[in-house]
Amino acid sequence: MTRYRGLLAAVVVLTLTAGAVGWFLLKSNPPSGPAPAPTDELPTGPDWFVDVTARTGIASTYRNGEDAKLATILESLGGGVAAFDFDGDGRLDLAFTGGGSLDGKMIRGRPGKLYRNLGDWKFEDVTERTGFGTATDFYTHGFAVADYDRDGFPDLLVTGWNRLALLRNVPGRDGGRGFVDVSASAKLPSDRWPTAAAWADFDGDGFPDLYVCHYLDWTFSNDPHCPGTGERDVCAPQRFQPLQHRIYRNIGNGTFEDRTASVPLRPDGKGLGALITDLNADGRPDVYVANDASDNFLYLNRGGFRFEEVGKLAGVATDDNGLYNGSMGVDAADYDGTGRPSVVVTNFQGEIHALYRNLDGRRFRHVSQAAGLGRIGRSYVGFGVSFADFDRDGWEDLAIANGHVLLRPTGSTHRQRPLLLRNEEHESRRQFREVPGLGGEYFRLLRPGRGLAIADLDDDGWPDLVVVHQNEPAAVLRNIAGDSHAKGRHWLRLKLVGKDRRDLVGTTVSLEVNGRTLTRFVKGGGSYLSTSDPRVDFGLGDATAVGKLTVKWSHGGQRTLQGLAVDQEHAIREVEPNAK
Amino acid sequence: MARRLSRRIVFGSVLGAVVLLGGLAVPSIQRFRRLDSIRDALQARDLATAYALLNDHLLREPTDSEAELDAARTARRLDDFDAADRHLKRYESLGGSSEEIRLERRLRGSQAGSLDGASGALKFCADHPDHPSTALMIEALSRGFLAAGQPVRAREAIELWLKRDPPVADRAYATALRGRSLEMQADVPAAIADYRASLAMDPRSDDARFALAEILSRESPAEARPHYEELLNKAYRSFEVRLGFVRCLRQLGELDRAAAKVAELKRERGEFVPVRVEAARIALEQGRAADAEADLVFALERAPRDRDAHVQMVRCLRDLGREADARKWIERLTALDAELFRNLPSTGTKP
C-alpha cells in the first residue's frame, strides 16, 4: 500500500510540476517596453556668457502686481530695458521699467531704475538724481530711445498702462543729465494701453517719428473671470478687442501730430512688438508689427508719410499654416548672407518662433523649419529676441527670452529656459542650433523672461546681454565666448552720426570681409519693450583686415570707406547725398 | 504468485487509469489553456491576438456560441465590422441570446459614430457602473463620439470609463482616447500629457506611441523622432508612420532626408493628397517652388477644398513672384476659412 501511495504521490507531483512548468511557460511572456526616449537635445561645451549682475550693482526687479492674485492680463506683459548713453560719456547706460502693483482695482506705478555705466562692470544708480524715478512712476512696460529733438542726447519714450511718457534728456542739477516728462507739451496723448514703440524718420525731414503699438481693451470693468487649471488664471487675448495703434509725425518743434487716421493704420492688431528698418531696400524705413492673436503687419513706407500694409501678401502676417500667431518680440538681420534683413518673431506656446526669410524685399518665406527653429519645439512663450553675432564668426546668432504668461500653464512651465541659438551651416544653408553647453548657467535654468537687449557694456567688442524678468531681478550677462572657442576672432564697430544729428533708422551698412559681404541694418524698436546698443556691429571671424565699407544712408546717399582697422570702433559721419 | 499477479494488476490498472484520465483531461486542459489565453489577451487589450485565438478555438469548437459572441465583439473592437457580422450571425444560428445580439448591433452602430440613443446609453452606464455590459458600452460610446467629431461628449464617456477603474490596458487605452478628444479640442498640452500617460501604462501600445509621435512632431520634434523610429522598426502602419516621420524631419530642418523619403512615398502612393501636399511643403522649404506648384496643382485637383494645399499654394505663388495669382488664392483661402469657421462644430466653452 505504501508503494501505491508512493506511486500516486509521484504521479501527483509530476502532474503538478508539469502543470506549474506549463503555466509558467504560458505566462512567461513579459511585456518588453522600449527604452525611454530622449527628451531633449542638450549638448555640452564652453560657456558663452557669465552672469555678472551682482558685481555691477544693478538691482532692478520688474513687478507686475501678481501678488494681488487677480490674474489680470495686465500682469502678463512685463517690462523692458534700454541700453543708451544718456550722459554722452561714451559708455552705454541702462534703464529699466519698474512695472507696478494692483491694489484692489487701483493700478499703481512703481518707478523704474536708471544706472550710469562707470566702466569695468560698475554701475551707479542715478534714478533719483536724474528725475527718472519720478518720471516713470506709473505702471510701465517698455522703452523706445531716440534723439527726438536732435540736441545730441538720446531721449526716452516710456510705455505703460494708460500712459505714454516722453522723457526729454536735459541738463541735470549737477552738470550731468536728467529727464523731464514733456509728453503733454509734445501732444502725445496718454491713454489706453501703449506697449511697444519704435522711432524712425518716416518722411525724411530728419526728425524721428513714432509708431506706438496698443494692446487690447482690458480694464477692471472688462476683466472676465478665466478659469485656469484649478484657480483663476490670465485670460487669453482672444477675449478682448484690439486697440488702435498710433503713428505720430514729429513736427520738429517739440510737438507731434497724430497721423493714424490719414495713413491709415489697421485697427485690428493687438500690438506687442514693433521694429522699424528698411526691409525692401528702397532707403525708407518700414514698420513691422508683431501682434498677439491677430495677423502681424508690414507697413511699407511709400514716402511722404504714406504707408501700405502688405503683411499678408508679403508672407509675414501668418505662419506656414496660414494662421495668425500670438506674437510678441521681433527683430531683423541678414542671417543668411543675402544682404537683406529677414524678420524673426517670438510666439506663444503651441506655435513656432517665426523666421521670415526676405526673398527680395517684397516677398518673405516662413522658413522656421528650414532654419532649424522647429527643433526647439513649441512649448516656449517667447518675448525678447535679438540677433547678434555673439561668437564673432561673421554670422548673426539669436538670443530669446522665454516665459509663460499663464501662472499654471498646461504642458509647459511658467518659468522657461532662455535660448541661445548659434547660426551654423547644415545642408548647405544657415540654420540655428542651440549653443553647446547652452551658453552658460543663465541659459541652463528656467526664467520668467520678458525684455531683452544686446549691448556691449564693457566696450570689449563682444556683445553682452541684459534680460528683464517678471518679479525677479534683471540679469546682466557678460559675453566671454572670446575666452574659449571664439578666441582670436575679430570685430569692427561703427557709430553712425547723421547730418545735423538726423535720425538714421533705415540706413544699411555692408562690409566686405574675406570674400563675403556682411550687411547690417540701423533699426528702431525691436526685441520686446527694449532698446539695444545703437551701434552697428560686425563679427569678422579670423579676418584681420576688411575691405570696402558701404553706408547707404536712409533717404538717400551713400558713403564708402576702405581698410578700416579691425577690433576698433569707428565714428562714420554722414555727408551730403551722392558724395563718396 | 497470486499476490504478485494481483499487485501487477493493481499497478497496471492505476497506470491505465492515470493514462486514461490524462488522455481524457488533455483536451479539457488544452481548452482551458486556450480560453485562458483569450482571457489574458483581452485583459491585456491585445485584441489582434485575442481574435486569432478565438478563431483558432472556434475551429476546434465550432458550436461554442459564447466564443462566437466574443469573436464578434473582438472583431468589432478591431473595427473589422464584416467579420463581426459573420460571427454574430453564427452566434445567432447557434441559438445565441437575442438580447446580446441586439446589444452588439447597437454597440457596433455607436462605435461607428451612429449615436441615436447615445445619451440614454451613457446615462445607463452612469447609473449602472457594475452592469456586465457597461464596460463594452462605454468603450463603444467613447469611440463613437470621437468618430462623430464630438470630443466633449467623448470625454464625458471616457471620464465615466476611467472612473470605473478599468484594468491597466483599458485604462491606458481610455487615456489615449481622452488624449485624442483633447487634441480635437485643440488642448495640445493636455493631449500630450494623456498620450504620455497612456504609453507609460502600456509601453507596447503602438497606437498611443503613434498618436504621441504625431503630436510631438509639431510640438517637440526631437522628442518625436525616437518614437517614429521605433514604430518604423516594427513596421507598424508603415505608410502613415513614414509620412509622419517625413513631417518630423521637416520640423527638424532635415530637409534633404525628408525630401528623399517623401519621394519614396510619392512613388508608392503618388495619388494620395497628403503626400503631395507634404512633398510641396518640403519643396517650398528648400526653395523649389516650381516643384511645389506641380504637387499642389495635383493635390488641389483631387481635393479642391484642402485648406493646407490652399495655404501652400499661396506661399508657392508668392515665392514664384506671381503676385496676382497669389492674391486670388489668398481670396480663395479667406473664403474657405470663413466657410470652415461657419461649419466648425462646437467643441465646448471657451476658457
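**Entry 1: ground rules**

I am working with a predicted model, in which local features need pLDDT of at least 70 and side-chain atom pairs count only at pLDDT 80 or more, while totals for chains, interfaces and linings use all residues. Residues are numbered from 1 along each chain as its sequence is written, chains are lettered from A and ligands numbered from 1 in the order in which they are written, and side-chain values use heavy atoms, with hydrogens and water left out.

**Entry 2: the cavities**

I began with empty space. Rolling a probe the size of a water molecule over the atoms shows where such space is left. A cavity is a set of points, on a 1 Å grid over the protein atoms alone, where a 1.4 Å probe fits but cannot get out. How many cavities of 30 Å³ or more are there? I found four.

The largest cavity holds about 180 Å³, a volume being the space filled by probe spheres set on the points, which are joined across faces, edges and corners. I listed 20 lining residues (an atom within 4 Å of a point). Nearest the centre lie A:Thr318, A:Asp319, B:Val314, B:Arg315 and B:Arg318.

Which element gives the largest share of this lining? I noted α17(B), with five residues. Helices here are DSSP runs (H or I, at least four residues), and strands are runs of E (at least two), numbered from the N terminus. By class, I wrote down eight nonpolar, five polar and seven charged residues for the lining of the largest cavity.

Next I looked at the second largest cavity, with about 50 Å³ of space. Its lining includes A:Asn64, A:Glu66, A:His404 and A:Arg450. I sorted this lining into three nonpolar, five polar and three charged residues.

**Entry 3: where the chains meet**

I then turned to the contact (heavy atoms within 4.5 Å). Chain B brings 49 residues to it and chain A brings 46. The buried area is about 4,000 Å², with 54% from carbon and sulfur atoms; this is the accessible area (1.4 Å probe) that two parts lose on being put together, summed over both.

How many salt bridges join chain B and chain A? I counted four, taking a side-chain nitrogen of Lys or Arg within 4 Å of a carboxyl oxygen of Asp or Glu. One salt bridge pairs A:Arg362 with B:Glu323, whose closest N and O atoms are 2.7 Å apart. Helix α1 (residues 2–43) of chain B gives nine residues, the largest share of the side of chain B that touches chain A.

Note on methods: On a 1 Å grid over the protein atoms alone, a cavity is a set of points where a 1.4 Å probe fits but cannot get out, and a pocket is an open set with protein on both sides within 12 Å along at least five of seven lines; lining residues have an atom within 4 Å of a point. Ala, Val, Leu, Ile, Met, Phe, Trp, Tyr, Cys and Pro count as nonpolar, Asp, Glu, Lys and Arg as charged, and the others, Gly among them, as polar.
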